[in-house]
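Subject: Structure for you to look at

Hello,

Please find the structure below. My notes on it follow.

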Amino acid sequence: MDQESCMVRQIRSLDSDMQTLVYENYNKFISATDTIRKMKNDFKKMEDEMDCLSTNMAAITEFSARISGTLQDQHAQITKLSGVHTLLRKLQFLFELPARLNKCLELQAYAQAVSSHCRARCVLQQYSHMPSFRGIQDDCHAIMERLAQQLRQKFRDGGTSAKELSECVELLLQLDEPAEELCDKFLSHAQTRLEADLQGLETDILEFIDRGCNEFVSNLCLVIASYQELFVNRPQEGELASKNIPQMANSKLLVFVDTLAARYFSLVERRIQEEKGVGDNSLLVRALDRFHRRLQAVSKLLPGSAVPSQGTEIVIQAARERIKQYLSALQSFYLDSLTDVRQALAAPRGPPGKEAPPSLPDLLTSLSNSILNQIKSVLASVHLFTAKDITFSSKPYFKGEFCSQGVREGLVVSFIKFICQSSRQFCESAGDRGGSTPPVLLLLLSRLCLDFETSTISYILTLTDEQFLVQHHSPVTAVTALCAEAREAAQKLLNHYVKVQGLIISQMLRKSVETRDWVNTIEPRNVRAVMKRVVEDTTSIDVQVGLLYEEGVRKAHSSDSSKRTFSVYSSSRQQIRYAPSYTPSAPMDTNLLSNIHKLFSERIDIFSPVEFNKVSVLTGIIKISLKTFLECVRLRTFGRYGLQQIQVDCHYLQMYLWRFVSDENLVHFLLDEIVGSAAHRCLDPSPMEQSVIEVICERG
């Protein structure tokens, strides 16, 4: 019963589907029935028409047979008469040809005249032995000579258009004019027109290129196309085929195009060289793009021409020149920035109410940021050469050599090297005071080069590589090599700064020693003013260097260096040092004791390279100053009070200088040397009491 009920449901479903199909296709069934009924009617009508047509064809055939039978006897005569009629028409054409040609000449219908003459030329040549045909041939020759003369005159006329020119050449070739002579005349005429296009190209670079492309290059392409159609691609028939005209014409065309293009390119190169301004590079790039784009038409029209490759070379050369100009602009910008920095450093400090000049860190940040921003701006301008919408950017040069050797090496690396080189030149100035270069500028530049070494160089080169997708196929300068060069420049500048500042202080000390009579001087009551000036200048240098460099590492100070008096020459040390020479019964020689002391002292390298920190810089300056003081003392002779004045001065220096150096023992040693050297050169070596020295220095 379940199975039966299932089958009933299926039968009902199928009945429903069938009914649906019938209802849906009812209209189609009706339409099909009507169509079949109509087709039956049409075919019946067509059968009647075919029967009628068959009857008519039979009648026509019968009628044609009767005509043929009637005319069969006269058929040969009719054919003969038809042939005579055709011949008479040809003869009539020949006899009327001179008049027809004259008429065409009057109406300037040159093409029709040449066509008529070409049709009759072979017949006239064949029957030229007959007097009547000979006369017609001579008349036609004379008329065609006049026509050729008019065509030549029109050809030489500078006002003819390209279409008229092409028509003239076409007709003259049909009149058996020498093809080589026509080629030369055609190219000469075209050259006159194209040179006129080259005359007025004296505007801004984009308009210059536009006019050159729209007038000269377009007309050149038209000339090439017309010339090829007339001489190169023209079908060669008869005697012309044996003369190999296309090859001759093509070689002449290549010479013509290359000569004119060379003149155009020289104008373009000269105009590009006049683009010295580096403000907006987009105008030049767009002009070069249009120039390169239009020259591709010449390569399609004239595959063997060197014009497109020469044009590409001009674009490449312009890009190279642009990079040189940008490098020169960057160098000028850097030198101008240095001038601004020097002026800011030389600006006098105004009263408290006025705006203070920028500090050293501000100047350094400003200089570094301005250089970096200028490099980014130049890279953005140069990047226009490799933009995707520029046609020549797909050339191998702009994908490879331009990016690596041009932008990276020729521009960025060269500029960084220029900064390092120009900075090093400040160290080569003559004179003890470093020429006209202010010492603080040396300090600033050393910090700039050090910052370049630590971060700026790698940032700039990474930015360049990412912007220009530089692929290092050819050798390029490594980042490490540039960083090493920058560090070397920073080291040299800092060494020179130490030397210059040391020599400035040394000069004060030298003059103070050389201008004083140390034998007849009075008993010391004060510290000499020059010593106070030395301490003041050293403090000023310490502040100056501290603005740009970190503190650095000092050795641990001994307990006596922090005493209020900062005494170096304690009574015990003083007695040990001077008692042998000042006591009459001294068993040992002073020189021997001094030499033994030196043997066990650490050697001091006065001009050793300094490290990039404040303590090292100040240590170097103080070493140079005290060494100069020592050497000046060695050249003088001292009285009792002279020696005592040196003692006072050295104690005063020790009170303040120890805090600036990395190792206070260095100051101890050099000041000991100075006092000891003065004692050895003293006529009456009577040292001053330590307590008195301390009182004088405290009062000072």
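In this predicted model, the axes of helix 17 (residues 529-546) and helix 20 (residues 614-634) come within 9 Å and cross at roughly 155 degrees. Axes here are lines fitted to C-alpha atoms, for helices over the stretch in contact, with angles from 0 to 180 degrees between N-to-C directions. Helices are DSSP runs of H or I of at least four residues and strands are runs of E of at least two, numbered from the N terminus. Helix 17 is therefore roughly antiparallel to helix 20 (over 145 degrees counts as roughly antiparallel, under 35 as roughly parallel, 65 to 115 as roughly perpendicular and the rest as oblique). The contact (heavy atoms within 4.5 Å) joins Met531, Thr538, Ile541, Asp542, Val545 and Gly546 in helix 17 to Lys614, Val617, Leu618, Ile621, Ile622 and Phe629 in helix 20. By class, these are 8 nonpolar, 2 polar and 2 charged residues. Nonpolar covers Ala, Val, Leu, Ile, Met, Phe, Trp, Tyr, Cys and Pro, charged covers Asp, Glu, Lys and Arg, and the others, Gly among them, are polar.

Helix 20 also packs against helix 16 (residues 479-514), at an angle of about 30 degrees and with the axes 8 Å apart. These two helices are therefore roughly parallel to each other. Their contact has 13 nonpolar, 6 polar and 2 charged residues.

Phe629 of helix 20 takes part in the contact with helix 17. Beyond its neighbours within four places in sequence, Phe629 is in contact with Leu509, Val513, Arg528, Met531, Ile646, Cys650, Leu653 and Ile674. The largest nonpolar core has 174 residues, of which Phe402, Phe629 and Ile646 touch the most other members. Such a core is a set of buried Ala, Val, Leu, Ile, Met, Phe, Trp, Tyr and Cys residues joined through side-chain atoms within 4.5 Å.

Elsewhere, Ala346 lies in helix 11 (residues 307-346). Ala346 counts as exposed because its relative accessibility is 60% (exposed is over 50% relative accessible area, buried under 20%, partly exposed in between, with a 1.4 Å probe and protein chains only). Pro438 is 92 residues from Ala346 in sequence, with 8.6 Å between their C-alpha atoms.

As for the whole chain, there are 23 helices and 0 strands. Of its 700 residues, 42% count as buried.

Residues are numbered from 1 along each chain as its sequence is written, and side-chain values use heavy atoms, leaving out hydrogens and water. Local features in this predicted model need pLDDT of at least 70 and side-chain atom pairs count only at pLDDT 80 or more, while totals for chains, interfaces and linings use all residues.

Regards
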